[in-house]
Every structure is written in C-alpha cells, then in structure tokens.
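Please study the sequence and the three-dimensional structure shown below before reading on. The paragraphs that follow then lead through the structure, one topic at a time.

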Amino acid sequence: MEGGFEHEGKNNRDNDLNMTIREILEMKEKSSDDDDDLNMTINEILEMNSSLRYEEIDRELKEMKNFIEDVPSKMVEPEGDLGFQLQIDNISESGRDEETVMSSSTPPASQIAQFLTLSTEVEDFGLVSGAGMEFDRASDLLVSISVGTEETKQKIADLSFAALKELQTMAKEKHPLWQECVDGEILSHLEYTKQFWQMDKTVLEKVMRKTKEIPLLPNLSSSRCISVSHQESLAPLRSEASRHTEFLPVIPVHIVELLMDMNQYSTVFSNIVSRAVVLANLSTEAPRNYDGALQVIAVEFNAPSPLLPTRECHLARHSKQLASGIWGVVDVSLESLFPNPLIRYRRRPSGCLIQPLPNGVAKIVWVEHSEAGDGLVPEIFRPLVASGHAYGAKHWLGTLVRQCERLGHIISRSDPKPGEIVSPGRENVLRLAERMMRKFWANLSDSAENIWRPVPLKGAENVLAMIINAEDEEGQPPGTAIVIATTVWVPASPRRVFDFLNNEGTRNQWDILTYGHHVRETGHIDNGCDHGNRVSILEVKSTEDQIVAILLQESYTTLTGSYVTFAPVEASTLEMILNGGSPENVPILPSGFSILPDGPKRNGGSTGSLVTMAFQILDTASSATFIPPDSVATIFKLVTETAECIKAAMFNPLNLGT
C-alpha cells in the first residue's frame with residue numbers, strides 16, 4: 001500500500017506586472033508619431049514592460065528578504081516513508097465565534113442591523129486582525145512600515161478618491177457600459193476604456209486596428225486573456241467584472257461599519273474572507289466616524305474548495321458619505337505603489353453604493369472588478385472561474401441577503417410550526433450551528449493557514465488532506481483530527497444535488513455511516529424563505545431502535561451556491577443546549593458539502609454541479625505530524641465512496657423528485 005504525504009510547498013506565486021495598458025499606450029504615444037511604429041502587439045509591449053520592472057521588483061524582494069529571514073519556517077521536511085512532519089500553530093477562533101445578541105423586543109430591521117454590527121474597537125493606527133489571524137507576514141510588515149511616510153499616505157489617498165469616483169460611475173451607469181446577458185450584466189471593455197482611461201481616441205483606434213483586439217482584459221462574457229509574458233513563470237491575467245443589486249432591510253451606515261471593521265467583515269463574510277488585517281488606519285476622523293475613513297488592509301479571499309488557490313492582495317479601503325444617507329465603500333489594490341511579484345491578484349475599484357429607501361429598506365449596488373492569474377486553477381473549475389461567477393458581485397451580496405434573511409425570518413416567527421425548536425434552546429442551537437459553519441468554511445479554504453497535502457494513492461489526484469492538532473483550541477475535541485476534501489463533477493443541477501443531500505430520507509444513499517439505519521429529523525429551525533434553509537437535529541437509529549448518532553445540520557442556498565454542513569453531537573450535550581446551556585465550548589467537528597454550478601448559466605440552465613466535500617474525523621492513530629497508511633486508506637475510501645454514491649443517486653429515477 002502506498003501511504004503518507006509528500007510535502008508540497010504553498011502554491012507557487014506568479015509574477016504580475018503593475019503598469020496598466022493605459023500607461024503603456026501613453027508611453028508608446030510619446031515615443032512614436034506615425035502609424036508605422038504601432039505595429040508592436042500588446043503582448044510584445046507588455047514583455048518589454050516586464051524587463052523594465054525587474055530592477056524595481058528585485059529591490060522590493062531584497063527588502064522583504066530581510067524580514068523573511070527573521071521569520072522561522074512553519075514547514076518541516078517529511079520524515080519516514082509513510083508519514084509527514086509539520087508544525088501546526090493553534091489558531092485562535094477569536095473573530096470567528098462572535099456571539100449574536102438578539103432581543104425579541106426590537107423590530108426586525110433593527111435586529112438585523114444589530115446582527116450586522118458586532119461591537120469591536122478599532123485602533124487609530126496599527127494592526128487590527130479579523131478572523132483570528134495574526135500579523136505574521138513579512139510583506140504585511142513591509143507595507144505597514146512603508147505607509148508611514150506622508151508622501152505614501154497622499155498617494156494612497158489620491159488613489160482611493162479616484163477609485164470612489166470610478167465606482168460611482170460603474171454603479172450608476174447602464175447601457176452601453178453594462179450590457180444585459182442571460183446571467184446578469186457584463187462590462188463592455190471598449191466603453192470602460194473610453195470612460196476611464198482618457199486616452200487619445202486616435203491612438204486607441206490605431207492600436208485596435210493594428211492588433212485587432214480591444215486593449216483591455218476580458219470579463220464575464222469571455223475567457224480570452226492577454227499574456228504578460230511568454231515565460232511560464234508569468235501567469236496571464238484575466239479580467240473579471242460584475243454588478244448586482246439587492247434591497248435589504250438595513251440601515252446604510254451599519255453596512256459601512258460592517259465593511260470597515262475587520263472583525264465584523266471577517267465574521268459575516270467568513271465564506272469568502274479567510275484573512276483580513278488592518279495594516280494602517282490613515283483616517284483623521286474620530287473613531288467610528290466612517291465619513292472619509294481610509295484604511296490599508298491585507299486580505300485573502302477564498303472559494304469553497306482547497307483545490308482553488310486563494311486570492312491575496314494589499315488594498316486601500318475608503319468609505320464616504322456621498323449625500324444625505326447615501327454611502328460608498330470602495331477597495332483598490334496598492335500593487336502599483338508596493339510591487340510584489342508574488343501577487344497574482346489585483347483589485348480594480350470595487351465595492352458598493354448604499355442608498356436608503358422608504359420603509360427601512362436600503363438599495364445596495366455591488367460592483368466587483370479585478371484581474372487575476374488562473375494558471376493554478378484546476379481544469380474542473382476553469383469554466384466557473386473564467387466566467388467570473390466564482391468571485392462575483394452576486395456572491396458577495398448573496399451572503400448579505402442570507403444573513404439578513406436568516407435573522408429576519410427567525411425573529412419574525414411568532415408561532416412555531418410543528419417540529420420547530422423553541423426557547424430556551426433555540427438561540428443556543430443557532431449559535432452552535434453558526435460556529436459549525438464558520439469552522440467548515442475555515443477548513444475548506446486554501447488559506448495559508450491550512451497546510452494541505454495530496455493523498456499519495458492511485459486515483460487520488462484531486463484529494464487533499466490536512467491535520468488539525470486541537471489540544472489547546474476551545475470548541476475543538478482534544479486530539480488529532482484529519483480533514484480530507486475533494487471536488488467532483490456531478491451530472492445534475494445544483495438545486496437537485498442540494499435537495500438530495502439535504503433530505504434526511506435519502507441520507508443513507510450517500511452517507512456510509514448510516515447504511516442500514518433509519519434517519520429522521522427530531523427538530524428544526526427555519527432560517528430562510530427557501531424550504532431548504534434550516535437548522536436540523538437528525539437522529540440516526542439502528543434497526544433495533546437504538547440511537548447510533550445525533551447530528552446537527554445546517555443547510556442553505558444562496559444566489560450563487562448551496563451548502564450542507566453537519567457534525568455529530570453527544571446526546572447529553574444536546575440536552576444541555578436545548579435547556580439553555582451555553583454552546584460556546586461544545587466540541588464540534590464539521591463536515592459537509594458546497595455545491596456550485598459547473599459554469600455560467602446557459603439558455604437551458606446549468607448542466608452539472610461542482611460538489612466539494614470535506615470530512616473531519618478524529619483519528620487516535622494519527623499525531624500532529626503523522627498519518628499512518630491505514631488511516632490514509634480509510635479516509636480516502638470514505639470520500640471516494642461518498643462521491644460515487646452521490647453520482648449514482650443522480651441517475652436513480654426515484655430521486656428525480658428530490
């Protein structure tokens with residue numbers, strides 16, 4: 001039997017070039033006065049630009065190296081033939097396990113605002129970390145030191161003010177800047193170029209005529225990309241642009257506070273943000289005065305699969321009251337000021353405009369615009385990522401919709417339906433389910449804090465495993481836990497897959513731990529308008545009517561994806577929670593599924609789903625540095641058999657109605 005894990009370093013980061021095509025064209029215009037000099041293609045210009053940037057990048061790397069040499073490596077070479085060695089820090093869950101205080105005496109809109117406003121103090125200058133992350137990266141330290149100069153502060157301010165102006169135009173304008181498509185709106189590159197680059201139209205027409213391409217990266221409607229170099233080490237950058245609008249029962253300034261406070265931001269968007277750290281607060285306003293607030297932050301965005309690399313960047317975040325009650329919050333990357341060849345992601349002006357409407361409703365227009373290299377994206381995810389929907393505006397707003405709908409639906413229910421859990425345990429069950437979800441998302445990402453290893457078995461090319469040593473972590477069972485995850489394509493729509501996995505009546509068709517047993521729901525809490533959005537308590541009984549296991553499960557569907565997450569709970573622990581006991585330190589080992597479409601919508605809808613499954617189990621035979629071959633084989637069998645069962649069930653006519 002093959003076993004153990006070969007250590008593979010963190011994803012190799014590809015070089016990015018920070019000079020925009022606009023700058024290149026302006027440089028080209030100054031160096032040439034006739035048509036004959038415009039025969040060079042965009043790619044050739046970019047390659048010429050790359051050679052000019054090497055000296056500057058080398059200087060930045062030398063400065064970073066001085067810091068990196070002082071930071072001890074967390075990785076240790078593998079030991080033995082069947083195991084691996086590593087050091088895992090116990091990461092605090094502060095920022096992930098914030099308790100939501102809900103008062104039944106306040107109106108729903110105020111409750112939602114309260115839910116989205118978790119009290120945290122923000123320092124005037126320095127480090128504020130969200131999601132329990134620490135200030136442990138050399139690049140963050142370099143940026144935080146660099147922004148201390150007045151010249152750099154002014155450059156960041158100027159960049160942010162211009163970004164907010166661009167965001168307002170991007171959020172308000174319609175055709176021809178934005179064009180309707182089957183799955184929303186797409187950005188017209190030509191119109192964007194005309195409006196925001198302010199280049200000489202004659203030069204633009206000449207370049208377009210000579211190169212026969214629009215000098216701007218593609219968006220949702222295209223998978224073309226402009227390579228920044230022919231060298232394999234320089235990944236091509238691809239443009240993504242999307243816009244989405246929602247109406248939510250919130251107060252605009254509370255959304256602004258959510259976005260400017262990293263603890264709130266990391267908690268509410270824990271399915272997207274795996275790391276958010278304030279490196280500098282450049283505001284001169286009083287604390288909690290967000291009119292004109294300006295921050296420099298380091299962020300790490302993730303998708304719900306460890307197979308997809310995270311997107312990291314340093315950016316400026318600026319909030320401003322644009323008119324009475326109307327707010328804008330904008331992000332813009334700082335790579336033009338702090339070049340970093342490891343960065344494969346740049347955030348163009350992105351963010352939201354929030355406008356109050358009558359009856360306590362706010363109109364939120366969200367714009368996402370970025371450039372990313374997809375050289376490390378697995379083939380199975382390429383259509384979805386290339387479409388821009390994996391990280392688009394609908395994804396962000398869908399999370400906000402879910403949070404508001406969840407709380408609003410819970411507190412507006414006066415008379416519980418049959419089977420619904422009531423107080424005093426209702427709120428405690430919800431708090432435990434929320435913590436379970438956040439742990440699941442944290443485990444599922446390719447964050448730098450997660451050390452994933454490929455499973456060294458035949459047929460396990462897309463299967464990854466990770467060790468979690470949780471001896472000192474609150475809320476985590478003592479001992480060593482193994483997380484194993486993979487993503488598979490399933491020939492069914494995301495809705496059909498979600499209904500199948502969410503249905504306790506079909507659970508024993510895919511859950512090998514419930515084979516031969518009966519599964520029934522003993523209690524639930526509805527937390528959304530969709531019938532699948534609920535927290536459930538599932539009881540697994542043997543044929544002799546003996547309780548085999550009790551599971552806490554939360555399932556929900558959003559505008560862009562669906563999730564089913566579950567964890568075993570001891571019967572005595574559940575009874576304590578239902579009687580009003582605190583769930584704060586209850587051990588929880590979440591497992592579950594994320595369900596995404598396999599690509600952009602077509603006229604006939606999605607043809608398949610990308611199902612990412614992650615299982616976390618305690619293993620007494622494993623240690624913090626070693627997984628024995630028998631355990632490797634067992635967890636691999638668990639994930640592969642589950643995947644095969646789900647696929648087979650989709651072809652079963654009896655499941656067509658699930």
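Rings of Phe, Tyr and Trp (its six-membered ring) form an aromatic pair if their centres lie within 6.5 Å; planes under 30 degrees apart count as stacked, over 60 as edge-to-face and the rest as tilted. The model is predicted, and local features need a pLDDT of at least 70, side-chain atom pairs count only at pLDDT 80 or more, while totals for chains, interfaces and linings use all residues. Residues are numbered from 1 along each chain as its sequence is written, and side-chain values use heavy atoms, with hydrogens and water left out.

A search of the whole structure finds 15 aromatic pairs. In one of them, the ring centres of Tyr-192 and Phe-196 are 4.8 Å apart and the planes stand at 40°, so this pair is tilted. Helices (H or I, at least four residues) and strands (E, at least two) are DSSP runs, numbered from the N terminus. Tyr-192 and Phe-196 are separated by about one helical turn because they are four residues apart in helix H6 (residues 189-196). A residue is called buried under 20% relative accessible area, exposed over 50%, and partly exposed in between (1.4 Å probe, protein chains only). Tyr-192, at 1% relative accessibility, therefore counts as buried, and Phe-196, at 15%, also counts as buried.

How are the rings of Phe-301 and Trp-396 arranged? Their centres are 5.5 Å apart and their planes are at 90°, so the pair is edge-to-face. Phe-301 belongs to strand E6 (residues 294-301) and Trp-396 to helix H11, so the pair ties together parts that are 95 residues apart in sequence. Phe-301 is buried at 3% relative accessibility, and Trp-396 is buried with a relative accessible area of 3%. Phe-301 and Trp-396 belong to one aromatic cluster with Tyr-265, Phe-269, Tyr-345 and Trp-366.

The next topic is the nonpolar core, a set of buried Ala, Val, Leu, Ile, Met, Phe, Trp, Tyr and Cys residues joined through side-chain atoms within 4.5 Å. The largest such core has 37 residues, and those with the most contacts inside it are Leu-259, Tyr-265, Phe-269, Ile-364, Trp-366 and Leu-400. Helix H11 (residues 393-412) supplies the largest share of this core, six residues. Apart from this core lies another, of 34 residues, including Val-455, Ala-465, Val-488 and Val-490.

Two helices may now be considered together. Helix H13 (residues 494-502) and helix H15 (residues 629-650) pack at an angle of about 115°, and their axes are 11 Å apart; axes are lines fitted to C-alpha atoms, for helices over the stretch in contact, and angles run from 0 to 180 degrees between N-to-C directions. Contact means heavy atoms within 4.5 Å. Arg-496, Val-497, Phe-500 and Leu-501 of H13 make the contact with Ile-646, Ala-649 and Met-650 of H15.

Some backbone features lie in loops. A cis peptide bond, with omega of about 10°, joins His-175 and Pro-176, and Pro-176 is in the loop between helix H5 (150-172) and strand E2 (178-181). Asn-359, a residue other than glycine, has a positive phi near 65°. Asn-359 is placed in the loop between strand E10 (350-357) and strand E11 (361-373), and at 80% relative accessibility it counts as exposed. Asp-545, which is not a glycine, has a positive phi of about 65°. The loop that holds Asp-545 runs between strand E16 (534-541) and strand E17 (547-557), and Asp-545 counts as exposed at 53% relative accessibility.
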